[in-house]
Amino acid sequence: MLEIKNLHARSEDTEILKGINLTVNAGEVHAIMGPNGSGKSTLAHVLAGREDYEITEGEVTYEGKDLLDMEIEERAAEGVFLAYQYPVEISGVSNKYFLKAAINSIRKHNDQPLISRGDFVAMLKEKLALLGMDKSMMDRSVNEGFSGGEKKRNEILQMAMLEPKLAILDETDSGLDIDALKIVSQGVNALRSPERGIIVVTHYQRLLEYIVPDKVHVLAGGKIVRSGDKSLALELEDKGYSFLSEGAEAIAAN
Amino acid sequence: MSSENALLEEYAQREYEHGFITDIEADSIPAGLSEEVVRLISQKKNEPEWLLEWRLKAYRHWLTLEEPKWHNVKYPPIDYQASVYYSAPVQKPKLNSLDEVDPVLLETYEKLGIPLEEQKMLANVAVDAVFDSVSIVTTFRETLEKHGVIFCPFSEAVHRFPELVQKYLGSVVPYSDNFFASLNSAVFSDGSFCYIPKGVRCPMELSTYFRINAQNTGQFERTLIVAEEGSYVSYLEGCTAPKRDENQLHAAVVELVAMEDAQIKYSTVQNWYPGDSEGKGGIYNFVTKRGACRGDNSQISWTQVETGSAITWKYPSVILQGDNSVGEFYSVAVTANHQQADTGTKMIHIGKNTKSTIISKGISAGVGQNSYRGEVKIMKGATNARNFSQCDSLLIGDKCGAHTFPYIEVRNTTGKVEHEASTSKVGEDQIYYLRQRGLPTEDAVNMIVNGFCKEVYDVLPMEFAVEARKLLNVSLEGSVG
């Protein structure tokens, strides 16, 4: 589904990604871990298409297409979804209106009929229940005045409503208490399916207790320095990132 | 950030869809302004002596005035002798039904989306259509007259209801009020007159649609609305003009009078030609609008969506004379390309327990300059007066400007005045977020801008709100790369 080859990206004068290689197949959940500043979030945003980064080398193939050649909204319409670490507030636009506009925009792109009012309401009701969200949230402006936890839940709600093929979660666990973390994880797990790929970007192993990954990658210094199964996350929990950074330096030196 | 600039750089192009010209024979007088021209206009309209005298007083006063300079808009000097002060499409003098209206004119309004044929009318909106200097037709008159509501062209009201016109004309905006109001008083050609008798709730929305067509012609209309005790009226005003390379002057006056327990809701969607993307052409819109809450518990609300004109200069105001009277001002003003707007309101609190609310939303794009100018005055006798003002500015791109000039004067210690202001930019973050959810850039910007204006749209009559939303989207179309 997603194949990243030797991806290099820079922001202004700083090279952040220094040759990422990663393959995500449909049905898999990949966790990307790493210390602060390792390039985790950059990778997430480069995949979503944020224009602050310059791609200097490498390629990304998504469903057989050149992802880097696609506009941000085109990627979204083709099923790439990013749950933001810092969701953005849109004043005066209700959550409900925004969700419907997004769904219809994507449907329009894919030459599908617009969603009916009834279908939309039914779907929304189901997903709200899944995430333990009150429907009054839908009449509030997008993320405006939301608590940190509400914002994160709202991201997962959008993901549930848009039903992406490739979901990227950028530090969705940050700022969540344990109850919220459980609910959010439950929402993500409900979306696990053989057709869907999920990339979970996180600093801590904690989230991976609830969203159990098929593969774990450790990013350090702009490169994936280790890959393994879920036990790698536990190893990190034990030893911390410090031992890796030595390893990363060693790799960089090579 | 450079990518943001690249993204918003093109926030300049806009298509003006009402820019066509109607080819119709017009009865125009030669350009220029003099006492003779004032007399000629009055004569063409077969006006009574008192009105001519009033016009002449205004004209003579105007000669003593200088064009104001305090505003935050820049334009080359206006040559008042180059403008034509009267132009009327040639047609039968008296119109009693639509069958008598020149089909070319009907077609014009059809094209503008204002079908005048009654069977095709928007449900429950009576329209007075003003074309250049004259009103060409007013629909739904019979229905309204059954309720005792008078809604007719101003020039007709002068003949049919002279006492009412004489009593109220200039009673809120005197002929000596300001440079542009004096000019209007001298040369005004037509407009709408509206009278709601005691206790009547006007059964439909009243609407005037203004169209400037002829070249080099100024439009100087006058609207007078009187709401008697306990009455209610909602009035809508729309405006368009053809695309022309030269600037055209529009100097209107609107006067509202609300008696005890009466309520007037006045909504404007102003879409005069704004000029091209280089700043060539466009309407100079210098308008004086004021309402008087004469009676206790009366209420006047101004709602405006200003998307057109090269220059917008208007301050719809309320004089809160009656105790417990309420004044409201809700405004969305857009300046894209080279447009400039200096707009706001005045709330003058005279009566006790008077209350005013000001919500102003300014949107600047391109190299547009948008100023909010507002005055809240609480007079000595205005015990327990309250005002709340909120002025928000939204910037799109980094070449435009937003300015706020609030003036507050409180002469009664029980008065309470609150002022909130904010300036924000349509952020790259917001656009990125919405695009990541599948919305193309233009839809994303429209969503952000419309969200910004929501508080104002919420108080617009439904059909107008839809219209305003569309207009705003068109105004900003193509502005984002």
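Okay, let's start at the interface: chain A and chain B bury about 2,300 Å² between them, and carbon and sulfur atoms give 56% of that. Buried area here is the accessible area, with a 1.4 Å probe, that two parts lose on being put together, summed over both. On the chain A side, A:Glu73, A:Tyr84 and A:Ile90 lose the most area to chain B, together 23% of what that side buries.

Quick housekeeping. This is a predicted model, where local features need pLDDT of at least 70 and side-chain atom pairs count only at pLDDT 80 or more, while totals for chains, interfaces and linings use all residues. Residues are numbered from 1 along each chain as its sequence is written, chains are lettered from A in the order in which they are written, and side-chain values use heavy atoms, with hydrogens and water left out.

Back to the interface. In contact terms (heavy atoms within 4.5 Å), 33 residues of chain A meet 22 residues of chain B. There are five salt bridges between the chains, counting a side-chain nitrogen of Lys or Arg within 4 Å of a carboxyl oxygen of Asp or Glu. The side chains of A:Arg50 and B:Asp429 form a salt bridge, at 2.9 Å, N to O. Which element gives the most to the side of chain A that touches chain B? That's α3(A), with six residues; helices are DSSP runs (H or I, at least four residues), numbered from the N terminus.

Now the packing. The largest nonpolar core has 66 residues, and those with the most contacts inside it include A:Leu2, A:Ile199 and B:Leu434. Helix α10 of chain B, residues 441-452, gives the most to this core, with six residues. By nonpolar core I mean buried Ala, Val, Leu, Ile, Met, Phe, Trp, Tyr and Cys residues joined through side-chain atoms within 4.5 Å. Buried is under 20% relative accessible area, exposed over 50%, partly exposed in between, with a 1.4 Å probe and protein chains only.

Take B:Leu434: not counting residues up to four places away in sequence, B:Leu434 touches A:Ile90 and A:Phe98, and also B:Leu439, B:Ala444, B:Met447 and B:Ile448. A second, separate core of 47 residues includes A:Ala77 and A:Met137.

Last stop, A:Asn110, in the loop between α3 and α4 (117-130) of chain A. Why does A:Asn110 count as partly exposed? Because its relative accessibility is 30%. Leaving aside neighbours within four places in sequence, A:Asn110 is in contact with A:Ala77 and A:Glu78, and its side chain reaches the backbone oxygen of A:Ala77 at 3.0 Å.

Methods:
Helix = DSSP H or I, 4+ residues; strand = E, 2+ residues; numbered from the N terminus. Polar contact = N/O pair within 3.5 Å; in protein donor to acceptor, adjacent residues only side chain to side chain.
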